[in-house]
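The report below is written to be read alongside the sequence and the coordinates.

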Amino acid sequence: MNRVLASLEGYFLKDYFVTYKEPFRKDMKRLLLERILLSCFVRINAERTPSSIYYLLKGKRSVQTLQDAHIYKLEAFYGIYKTITKQQFDNKVKELINIGMLENNLELEKGCMVSKSAKKWLHEQSQLLEYNGLKYYEKSDVFIERFLLLIQTLTNTKMINYAFIPVIDNPKVESWVRNIYMNVKGRETQVLKGIYNEIREVLQKFPELEASIFVDRLTGYKNYGLSLPQLSEKYNLNEHDIQLSIVQILHRVIWRIEQEKQKYPYLSSFINDIESEIQLTHSANETYQLIMKGFQVDAIAQMRNLKKNTIYDHIVEIALHYGDFVIDEYVTNQEQQDILYAINQTNAYKLKDIKQNVSDHISYFQIRLVLAKQNRL
Amino acid sequence: MKQVTSLEGELQKYFNYPSFRRGQKEIITDIIEGHDVLGVLPTGSGKSICYQLPALLLDGITIVVSPLISLMMDQVKQLKASHFKKVVALNSFINPQERKQIYKQLHLYKLIYISPELLQQQEILNILTNMKVSLFVVDEAHCISQWGPEFRPDYLKLGAIIESLHHPRTLALSATATPEVQEDIVSALKKTSMKKHIYPMDKPNIAFCIEKVAGDDEKVDRLVNYLSDYQVPALIYFSSRSMAEKCAKILSKKLTDRRIAFYHGGMEQIDRVQIQQQFMNDQLDVICCTSAFGMGINKSNIRLVIHYHLPLQMESFIQEVGRAGRDGKASVSLLLFSQQDIQIPSNMIKNELPSETDLTIVFQYLYRLGIEKVALPDNAVETQNLLQLSETQWRFLRYQFEKHGMIRKNKVIYHQENWSVIFQSIKHVIVQRNSFKENKLTEMINWVHEKECLRKKLYKNFQSSTSGASDQCCSNCGFVWAKWTPEKIKASENLGLSWEERLQQILLVE
């Protein structure tokens with residue numbers, strides 16, 4: 001593996017003692033979207049279309065997208081930019097092609113390669129890209145919505161103002177905040193102080209710019225937070241950078257809280273009840289239950305009135321979800337060895353290439369299943 | 001029933017207002033006494049109190065038909081904020097599961113906001129028919145009239161709905177209804193004995209000012225000039241989102257000491273609330289916005305309302321201008337006009353309803369469905385995308401098709417002879433609507449070129465006389481900027497604070 005790839009090894013939050021030497025400068029460009037896209041393109045190595053990256057960033061709940069995230073070790077970026085539109089994405093890819101950072105030619109079919117100069121540029125970027133998409137793609141939304149609404153509620157009730165327009169319009173979040181409020185009523189000052197101490201300490205560990213953006217987004221008593229366009233103007237960053245910075249700080253904050261729950265009792269309570277693992281789709285779960293009862297694929301397809309291929313999709317999803325799911329029933333040990341050998345030979349994850357290098361009787365389903373199992377680890 | 005004499009007491013108790021504003025008490029009294037009422041009250045006069053208070057005082061439930069989902073949500077939020085909790089908004093944005101849940105508990109609410117589209121669904125209608133409906137409210141009732149500025153075909157079906165709800169007393173409200181439109185409302189709702197409460201909409205404290213300029217550059221120059229001279233809360237209306245954004249950017253650069261932001265319907269929910277509330281809270285001075293801003297906004301000290309683009313009709317202009325000076329202090333409406341502007345509203349009108357080509361394509365599509373006996377997709381968005389129609393265009397067509405029996409439920413009923421007649425008839429309606437709107441636009445343009453008193457001409461279709469200006473009148477009656485000296489607002493910026501200090505401030509930590 002070359003140097004550039006090695007440097008891209010992980011985007012996960014992992015180094016607990018890392019220091020962020022990232023002083024805030026007014027003219028600083030972050031170019032987070034560009035860096036994330038290029039990093040994805042490097043990993044995918046023209047084996048998938050650019051759209052696969054779009055679905056990854058959007059956090060599409062499809063087996064294909066989840067499997068790609070695992071295969072190409074891009075779990076960190078899963079669902080980190082849910083609001084990006086296809087048009088914005090396509091424009092950005094076009095732009096990267098136009099300035100020579102991405103190359104696409106007919107040989108590569110629909111994929112894109114990252115140019116040498118772009119790899120060099122990527123390598124020169126000192127700010128860390130740290131996300132935990134697959135784990136936090138849902139949690140970060142819940143955390144920020146609860147945080148915003150609780151701060152707004154407690155600061156207002158502390159000032160004896162019970163009539164305010166909530167910034168979050170989400171019945172689930174509302175009822176969570178209502179519950180908390182009932183418990184802490186009358187102790188607002190103390191709770192706000194507690195939250196303040198904890199969030200300040202956490203934010204201090206991260207780049208000043210991100211802390212500053214996070215604080216500007218908050219709404220208190222007679223003090224409404226800034227909108228995304230306002231943030232973009234204030235920090236002279238484009239809206240992609242603002243959105244991705246907010247997600248990055250959220251992932252960092254949650255990660256930090258999870259590392260030391262005892263140290264952050266207030267902040268932990270915002271996420272204690274949230275599942276971090278991605279849930280199986282409802283339909284895949286039904287299939288899973290039937291498999292557990294010992295039914296075969298044909299029988300399940302018949303019982304559920306679904307196509308066999310759909311059941312196969314479910315099985316791949318299950319294998320991705322449960323690391324200990326045994327696949328031997330669907331691919332023999334010998335077949336698994338063949339597939340793994342072919343993967344090593346072709347040094348690629350293109351299903352078509354792998355298929356050409358294994359015996360004819362091995363199906364795409366079996367290859368995908370082995371890939372799922374392999375990359376789950 | 002509660003004593004009429006205690007209405008003020010109830011108002012104080014539930015809404016914390018010491019007294020009624022003009023028209024409210026008269027309308028509420030008639031409703032409590034069981035009359036059907038048509039109320040035309042100017043924007044900002046507190047129309048919603050006219051049904052919110054009765055909703056609390058009457059036994060059963062009150063249903064409010066409201067055309068704009070965002071407006072509905074705003075109202076519910078404000079009511080909840082002021083401790084009116086038994087209120088709910090029903091519209092297509094609520095997912096079916098949640099809606100089912102609400103339906104089950106519908107009897108727990110006193111006030112139910114609903115979109116006219118949803119009211120067409122048998123499921124909810126069945127539930128409502130079995131409940132005691134004490135008051136049926138049609139908000140923005142001018143939507144009923146083909147001659148109203150925001151004609152919505154679904155509104156025409158409300159007469160039948162009122163009938164199936166066993167004729168509850170009915171209140172129709174509008175801020176903008178000419179006598180012609182008022183007649184339409186009464187006849188469409190089949191409530192001929194409606195008591196009319198019509199109040200003048202002219203605002204004596206607003207001066208009307210039209211300035212003719214060469215083009216966009218000059219418009220921006222003027223904006224910069226006036227906004228730097230006057231440090232007052234201001235709204236600038238644009239007819240496009242992108243122009244509102246662009247102008248907000250330019251103005252922020254040129255007027256660094258002013259706090260300027262943009263607002264339009266394409267923004268995320270949280271951003272919309274934050275911008276609205278920042279403005280309410282005097283954290284912002286100037287908002288560059290589209291017509292999406294302002295409904296449900298109750299800020300009393302807006303001093304300056306500027307129209308960067310020409311509105312499509314006098315009705316919208318009057319509504320938007322009516323947001324200025326609700327506290328009665330001298331305020332200004334400024335319309336910047338350049339000759340090129342005429343093209344924009346003209347194009348907007350053409351795009352509102354389907355063109356003849358669109359119509360042909362849709363007919364071909366329906367023909368195919370009819371022949372192949374395939375139903376229309378349940379999801380309207382799917383159909384709109386497939387046929388490349390806007391929401392308004394498809395809603396209009398669907399209503400027409402249903403009216404002519406071409407569609408029943410989601411089934412297409414093909415009939416060769418009838419269809420060619422229907423095609424002509426729909427085409428005729430489109431032509432008629434377009435020329436109606438063109439006339440409205442012409443009215444607006446004529447007003448811009450008016451030589452006599454702008455105030456008198458602006459209101460002449462709505463009321464027989466105006467009460468005259470309490471300060472300066474209009475640019476045709478000798479308006480002078482120098483004579484307008486509104487109070488400056490204080491800008492309290494906490495620039496220079498570190499994020500830790502800001503965090504401390506927001507969380508009220510000492």
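In chain B, strand E2 (residues 61–65) and strand E4 (residues 111–114) run parallel and are joined by 4 bridges, where strands (E, at least two residues) and helices (H or I, at least four) are DSSP runs numbered from the N terminus and two strands pair if DSSP finds at least two bridges between them. Within this pairing, Ile63(B) has Ile112(B) of E4(B) as its bridge partner, while Thr62(B) stands opposite Leu111(B).

Strand E3 (residues 87–90) of chain B is also parallel to E4(B), again through 4 bridges, and the bridge partner of Ala89(B) in E4(B) is Tyr113(B). Between E3(B) and E4(B) the chain passes through helix H5 (residues 96–104) of chain B in a right-handed β-α-β crossover, a term that applies if, with the strands pointing away from the viewer, the path from the first strand over the helix to the second runs clockwise.

## Burial of E2

Because 5 of the 5 residues of E2(B) are buried, this strand is largely enclosed by the rest of the structure. A residue is called buried if 20 or more other C-beta atoms lie within 10 Å of its own, exposed if 12 or fewer do, and partly exposed in between, with C-beta atoms placed from the backbone. Both faces of the strand are covered, with Ile61(B), Ile63(B) and Val65(B) buried on one side and Thr62(B) and Val64(B) buried on the other.

## Helix H14

The 17 residues of helix H14 (residues 356–372) of chain B should span 24 Å at 1.5 Å a residue, and the end C-alpha atoms are 24 Å apart, which agrees; the expected span is 1.5 Å times one less than the number of residues. Just after H14(B), Lys373(B) takes a positive phi of about 55 degrees.

## Confidence and conventions

This is a predicted model, in which local features need pLDDT of at least 70 and side-chain atom pairs count only at pLDDT 80 or more, whereas totals for chains, interfaces and linings use all residues. Residues are numbered from 1 along each chain as its sequence is written, and chains are lettered from A and ligands numbered from 1 in the order in which they are written.

For chain B the mean pLDDT (the predictor's confidence in each residue, from 0 to 100) is 90, and 98% of its residues reach 70 or more. The model scores ipTM 0.79 and pTM 0.80.
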